[in-house]
Structures are given as structure tokens and as C-alpha cells.
Amino acid sequence: MENIRNFSIIAHIDHGKSTLADRIIQHSGVVPEREFRNQILDNMEIERERGITIKSQTINIPYKAKDGKEYLLNLIDTPGHVDFHYEVSRALASCEGVLLVIDASQGVEAQTIANLFSAMEENLKIIPVINKIDLPTADIDKVKEQIEKELALDPGEAILCSAKEGIGIEDILEAIVRYIPAPEGDKQKPLTALIFDATYDVFRGTIVSCRIFDGRIKPGDVITLMSGNSRFTVEETGIFRLSRISVNELYAGSVGYIIAGIKDVNEVKIGDTITLSTNPASSPLSGFRESKPVVFSSIYPVSSEDYESLKDALAKYKLNDAAFVYQKDSSAALGLGFRCGFLGLLHLEIVQERLETEFSQSVIMTIPTVQYRFTLSNDQTITIDNPLYYPDPSKIKKCEEPYVNITIYAPEKYFGAIMKVGMDRRGINSRFNYPRQGQVELRFEMPLSEVIFDFHDKLKSITQGYGSFDYEFFEYRESKVVKLDILINGEKIDALSMIIYEENAYRRAKGICEKLKGTIPKQQIRIDIQAAIGSKIISRSTISPFRKDVIAKCYGGDITRKRKLLEKQKEGKKKMKVVGSVVIPQNAFISVLKIENE
Amino acid sequence: MNKPGLYIHIPFCRSKCPYCDFYSIISQEEDIEKFILSLIKEMSFYKNVELCREFGTIYIGGGSPGILSAKQFFRLVENLNKTFTFSSVSEFTIELNPEDVSKEKVMILKSAGVNRISLGVQSFDERDLKFLGRRHSINLIKNVISIIKSAGFILNVDLIYGLFCQTENTWLKVLNDALSFEPEHISAYQLTIKENTPFGKMMNEKKIKESSEKKQADLFLKTSDFLEEKGYVHYEVSNFARNKKYFCRHNMKYWERIPYLGLGPSAHSFFNEERWSNYSSFEKYCKECGADRLPIEKKEKLTEQQAKIEKIYLGFRTQNGVPEKYLNGENAEKIIKQLQKQELINRVNHKIISTKKGFLVSGGLPIYFI
């Protein structure tokens, strides 16, 4: 156990976390050079594209240190976004230390601090790593000063590195061995293993990633997942190299995987504790929380013929994403589809992109909404997360909506702008402090509905990309909402309906009408767009039709050129939905979300 | 009536018009000789092909077919007669520019069986003609038309409109001048500025501009109203005829998907749901023919789906319309109703037919149904 080191790498976005992970793995030689792909841990297409880690991956790296001893380093990768806050915390809870990567020219930034706090919460050893020292703009002294003054860490421990150039990797590995404590734990005690990830394998079922705190586990053991008391028999235990490698047992301090005939990944909850049924631990590890969807949206196939194929794709997708929930839904405008729940807006976008890139689905997603709580005149309380089921307004006695505690980090000079956005978004009880010089931290209590409506983009734009935020569910509070409907050529597009704070309705309606006008292409017929509350039209816009759209001459029997053009348009139409007599591009449905809130 | 059409492309011009993107080159005498030899070779490839033994229409286009001398023209026709059967040809058109017309030439054409002349007039306004880079004068045009008319040809007057220097009044005057000769047929093409033409280049350099969409649309509708009032039938987007008898039968084959054979560089052919086109390059064309190979560059067999797309798009271009049975996409019925409401189409005997307003946007109608 004294030769094991469990660690994570944390960083502000783009400070080079994935590249550093690559280099560490490469250095260890576990991956033959020719099989090496950059950013080996981010193996989902979308992660490579966006350069962010969504699903954590773990890898076990053998390392012979300068002290002559052989060590086993477990690198536990963490997802990099606010929606996955809880998953990050469980991954960190499985470590004893972290590498805190800081860009040598950018210096300490918002997420550096946020990440540092997360690591401190888990009492982890923090090793600062100054990356990208090869850049001409690198200012190592300044970063060291920031490390000392702003992070209150020992700049003497900071390691200089350029992951890109492979500089300093050896020093990092040595520091991991030297500074990060070996795991503690008792192999003789009853088993406690923390689940920090679960993925699905077509042949083996659920692969549970876990950190063993006490005890040991081997094939044949009967285990209990403590949050639900479900039991399984262990078929295989192992560690992660580039592929899974089975080992005879996992014991206290180690990180690895368990295969136990768990057919459905959804039976496994991140943060849950595994123990042995025959000799159970008296209490589970602390920090377990069931992740619940907070953002809801419907997914429809662009072409209604593709419903079955979408259904299959969702079922397959779900196998690897326990946080995603869905059920059948149907819309008059869009036909059969699914109502889905997500951890947040990024989670939603990830699901959409993965359905499109990995499962080749063409989908339309409707306006995301939160879960509202209505008390009706007969004192019955109902929760609604779908505008289709909005109750009869005359019967609503009281409405409540979820509030979150939102924390925003940004350079101090954006204080005023953030304050204004916070107040525009109905943020109240604001508090602020200066965690370090030049940096401000603001907190608000804010309706979640305001956060999921374009907040991320807004914050990025007013802080020129320097602001970041985090939020946590707080409580339900009374609110006054209405249902806003969108009509196109007189036909209500139910998939565009939304539940909205009454005072925002006019402004939003105007924005949506304008946005749709900009997103729906000009067509052969005039398109009237209206926004209504009940039967009252509160905003409208018009797309005037083409005046002329024809080629004068198809000369000498050349029919092919125009036909090819039509075939191309037909291909493009797969991304469009014909609603009534209007062709609506798929992105129109989501574009209404990206409206400047002014 | 459904016999295939024969198209022959003469790829030579005396000069290149700045708006034209059809294939043509400025010829030398020896090029023309070389071309005729190649063309005769190309014909021979089709000599014993059952499908194209007999034709219903002939159309000699270009380029400027008028560039051929009487001798060259006779050689061409002689060889056509040796290769194919023309006993039931009802329409034999040649395209001519006014500067290529003389009494003698017209007589020769007549004796060779040509019965329709499509005259590249383009305008009756000096300023327009200069802008379009045409070589002929108004007086010449008037002279030429009377020669053609008195020789008893069916006359098509080719006109171009929508020039940005043109007003509604100057254009209507052009139309009026055209009507004074009582042509059986008028093709009125709205100027489209194409990227790969001198006009395209000038537009990029902002020396000229296209008329606004609204102006183009207004002129189009005005043209249609005006000619209909004078008794012409607006039977295709850009084509008008004094009556049904004078619809261009050859061009109708393109729009009705009746087979046709195209000879010469860049010519297109269509038989048995198969489309092919010849090399556009004159050199390449001659080289292939010289090497006893068909000068075909591209060939494709249409799928049922592709055929349907063509039927829809061509149908919306003509008065024939599109049979309802082809219009069965998602929400087709709703869309038809909406298009009817906007007066873009009519429904007649299970056919959906573009109105003149519909012609104007017919390029965008098929996408609703495919």
C-alpha cells in the first residue's frame, strides 16, 4: 500500500490538463509509442472536439522512482464542467493528492481557485504545476508569487513543466511519489469501496470504477451497494491500463474496477459504497448524494420515421450515462419523442451531440425547462417539467420554482457587470468577497430557470471569457409564471412553448420572435411568427417570402445541375422540420435559448 | 409526338457575350473543319442504335450556329440525313444571331428543312445592346426579321431583360417593338449574372450590379401580364408562344422528360432514365471522337427518387404542372393549401400547376415535396 499513489489532475480550462495526462502516461511506457493518440484519456469524440473531459477515465501507471522502488500511480481523471460537480467531487474523494496545473502565461484563474477549493474540501495534498513554460509569454516568477499569495501554497513545491515539449514530466512523477501520501486503510476491516464511475461494456455489463478504502475484494465475493441494498456476485476485479487488466483482488488503497454481472449501469450510483454482504461495513463512506436531473427538454427525431431508431439510440446511450433520464413524450407539432432530464445545460448539449455524432441521429431538442411546483385550487400539489402539461391557469393557486445558490468567480473589474446580470436574472441576497487580489467572488440566490437560460454565454461575454460559475440547488420559492406559446402561420408549435417568469414574458417573446425570424430561412410563402399568452398575442414578426427564386434557362437539356442542387437541399432538409407548411431548421428550436437578454 | 429530340451544339462564337456562361470558343476556320469531322464521327457512333434512329425534332444551338458557312451546314445536314431518319420531324430549329442572317443563308436553311429560327435579338434598345456586348444594330434586326418572316419561318425572338439600367418603361418598349413583328414565339430571359462570366467579374468589382429581387419580380410579372394581354401563352418560366401550336416542341422534350440525343461538345442526352453529357472542351471532344471513342464525360442512371425530383422540378417550370401523386412528402396537403392561398399554385385535374407568381419562385417549390 505504501507504493500506491492516487491522484488527479485539475486545472482551469485550456491550461493543459489533458496534454499533461498524455505525457505522464507516455512516460511510463504503458502505451506503445505507435498506439499513442494525443489526449488518450478523452476518448469520446465530443471530448476531443471540445477539449474538455466529460466522462472520467482512470489509468494505472507503474513507475520506478529515483529511490529505486516500484510505485503504482493511479491517475483518476475528472470531468471538467459545473454540471458534473458531483462526479468531480467523488473522483477527488478517491485520491490523496492532486496536480494543480497553472498556465505559465495566464496565471491563476477562476477555475484554478474553484478546483483548489474542491481539492481542499477532500483534504488532498496539492502540488502546483506551472505548465507551458516554453511559451515566450511565460512569466514564471509572477505565477510563483500568485501561488504563494493567492493560493497560499508553497511555491517551492511548484514544478516547472511543458507538457507539450515533455519538459519536467520526470520531476512531476517524482513529486507525486514524494509529496502525495500513500493511501491509508486497513485490509482486515470490512470492505468499503467508493464508486466514482461506471461504464457499460456490451459483453460484460457494467464496469464499476472504485477506490477501495478498507478491506479487500475478489471474484466470487457477494457485494452489497449500500444505498439500495442490491446484491451482486463479483466476476472479475482488475486495474485500468489502456485496457482492463484483471487482478486476483483489489485491496485497501487501490483503485480499479469490478465486474459483477450488473446488467444496467443505472443500478450503480456514483458516490455509493460497495461492501461485502457477508461482512458488511457498519456505515457507508460519507458524501453520497443521488444525482437528480434539474433540466428537462424533449428530444424528437427530425423525421418522424426515425422514432424507433432514436428510441434504440437513447437506450444505448443511457447505458453509459446514469445521470440521464428519459421517458416517452409526444407533440402535436413534432410527433413522437422523449422527455429527458439532465444535470444541466452542458449535459444536455453533450447528449444532443453524442446522439448526432455517435448514433447518427438527427434530433430536435425543445426549450429546456426546470421543474415547477404548482398548488391548485383543490390544494393538490403537482410538479411540472413539461410545458405541455401546464395546468389550467384559472386553477393555479400558487406556483414555486427552484432556486440555486450560484457562485461566480471573475476578475474584479467585472464586478459591476456581473452584479447587473445577477440582478437582471432575479438574483437576490448577493454576497461577495475577494478571495485574492484582483479577483472577486459573488454569490446570489437565483432561480435555476435563469441560470439555464443562456447564463453561461452571458457571463462569458460580459467577462471576456474570464468568469466562471458554479451552482447548487437551494430551495423552492414562490414565483409567478405564465406559459408562453409560439405560433407559426397561426399554428401553435407546442415544442416551442415555455413556462416563464411573468415579468420576463414580453421581453422574451420579442426576443424569440426576432430570433426565429433570423433562423427560419426565407421561403416561398410568407411566415407569420407570433408569441402568445393564452389567446393574447404579445409579440410578432414576419418573414417575407422570396420574390424571385428560379433560374431563367435550363439550356440544351442540362437538367442535372438543378437536380443536383435539389438533392443537396434535400440532404439539408434532414436537418429541417416541416411544421404545417413551414420548413423550420432544427437549430431554430434551440436558438430561442440563445437570446441576448437585453 | 414523343419521338426523341436531336440537339447539336455548335461551340463557336465570333465574340464572347459578357453574360453568357454556355460553352463556346472564338473559332478559327480550321477549328470548324475539325469540329465538323468530329461531329460526323460522333453521329456514326449512334448510327445503328435503335433508340435514336428516328427523331421528332432537331435543334441546332450554340454558340453561334450561324457561323457555319453554307457548305459546312450542308455537309452537316447531309450527314445527319445519312445517319438518322427525319421523316417525321415536325420542328427543325436553328439559333441565329442577326449578323449571321442573309437572304441566301435563309433560303439554304429553308431548303435543308429548317422551319424555325430562334433569333438572338436580346433587345431593341441601343443602350441595352451595347451593355450586353451585342454586335448588331436595331436597323439590322428589323431587316433580318423581315427576311425571316417573308421566307415563312416560325420565328422565336430571344430577349434578355432585368438589366439594372433598364426601367419598366424601356423594357415594355422593347417588348412592343418585338410584338410589332408578330413573332410566333418569344423567349424572355431574365439576366442572371453568373460567377464565371465577364459580368460576374464586373459584379465582383462592383462595376455593375444585379437588379433588386423586387424589381426582377415586378418585371417578370409585368412581362407575363403584358404578353398574355397580347394573346401569348406563358407556357414555361421564360417562354411565350402565340398559341399551343408554336410551343417549342424540342424544348418541351427537356421539360417533359422525353428522350433526346445531344451531339457536340457539352451536349446533354437523356434516354431510358439515363443522362449523359459530352466533354465541354472542344479539344477533348475532338480528341475522343478522333480516337473512335464516344466523347462522353459523365453518365448516370437516375434512381426512382432522382427521376421524381426531376418530374417535380420540371413540372413546376411549365404549364403542365406536377401530377398530384408525386407530391406526397410530409405535410404535402397542408403545404399545397398554403401555396394555393398565396396564389403560387393551382390545382387542376389532379395536377398542381404553378401560377405566374409560382413560376417566379418555382426553383424553391420542389424542396417542400422531396
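Guide: Let us begin with a term that will be needed throughout: a salt bridge is a side-chain nitrogen of Lys or Arg within 4 Å of a carboxyl oxygen of Asp or Glu. Please keep in mind that what you see is a predicted model.

With that term in hand, look at Lys194(B) and Asp21(B), which form a salt bridge whose closest N and O atoms are 3.5 Å apart. This pair links distant parts of the chain, since Lys194(B) sits in the loop between strand S8 (185-190) and helix H7 (198-204) of chain B, while Asp21(B) sits in the loop between S2 and S3 of chain B, 173 residues apart. Lys194(B) has a relative accessible area of 28% and is therefore partly exposed.

Asp21(B) also takes us to the other chain, for its side chain meets that of Arg561(A) in a salt bridge, with 4.0 Å from N to O. Across the interface of chain A and chain B, 7 salt bridges are found by the rule, and 17 residue pairs are in polar contact between the two chains, counting pairs in which both residues are at pLDDT 80 or more. On the side of chain A that touches chain B, the elements giving two or more residues are helix H13 (560-573) and strand S32 (576-579) of chain A. The largest share of that side of chain A, 10 residues, is supplied by H13(A).

The contact as a whole draws 38 residues from chain A and 50 residues from chain B. Between them, chain A and chain B bury about 4,100 Å², of which 55% is on carbon and sulfur atoms. Charged residues from both chains also join up, for a network of salt bridges links Arg563(A), Lys564(A) and Glu567(A) with Arg257(B), Glu273(B), Arg275(B), Glu300(B) and Glu310(B).

Now let us turn to pairs that lie within a single chain. In chain B, Asp100(B) and Arg14(B) form a salt bridge with their closest N and O atoms 2.6 Å apart. Here too distant parts of the chain are linked: Asp100(B) is in the loop between strand S5 (91-96) and helix H3 (103-112) of chain B, and Arg14(B) is in the loop between strand S2 (12-13) and strand S3 (25-26) of chain B, 86 residues apart.

Arg216(A) forms a salt bridge with Glu249(A), and the closest N and O atoms are 2.5 Å apart. Arg216(A) lies in strand S9 (residues 216-217) of chain A and Glu249(A) in the loop between strand S13 (244-247) and strand S14 (250-251) of chain A, so this pair ties together parts that are 33 residues apart in sequence. Arg216(A) counts as partly exposed at 32% relative accessibility, and Glu249(A) counts as partly exposed at 25%.

To place these examples in their setting, a search of the whole structure finds 61 salt bridges over all chains.

Methods: Residues are numbered from 1 along each chain as its sequence is written. Chains are lettered from A and ligands numbered from 1 in the order in which they are written. This is a predicted model: local features need pLDDT of at least 70, side-chain atom pairs count only at pLDDT 80 or more; totals for chains, interfaces and linings use all residues. Side-chain values use heavy atoms; hydrogens and water are left out. Contact means heavy atoms within 4.5 Å. Buried area is the accessible area (1.4 Å probe) that two parts lose on being put together, summed over both. A polar contact is a pair of N or O atoms within 3.5 Å; within protein, one must be able to donate a hydrogen and the other to accept it, and residues adjacent in sequence count only if both atoms are side-chain atoms. Helices (H or I, at least four residues) and strands (E, at least two) are DSSP runs, numbered from the N terminus. Buried means under 20% relative accessible area, exposed over 50%, partly exposed in between (1.4 Å probe, protein chains only).
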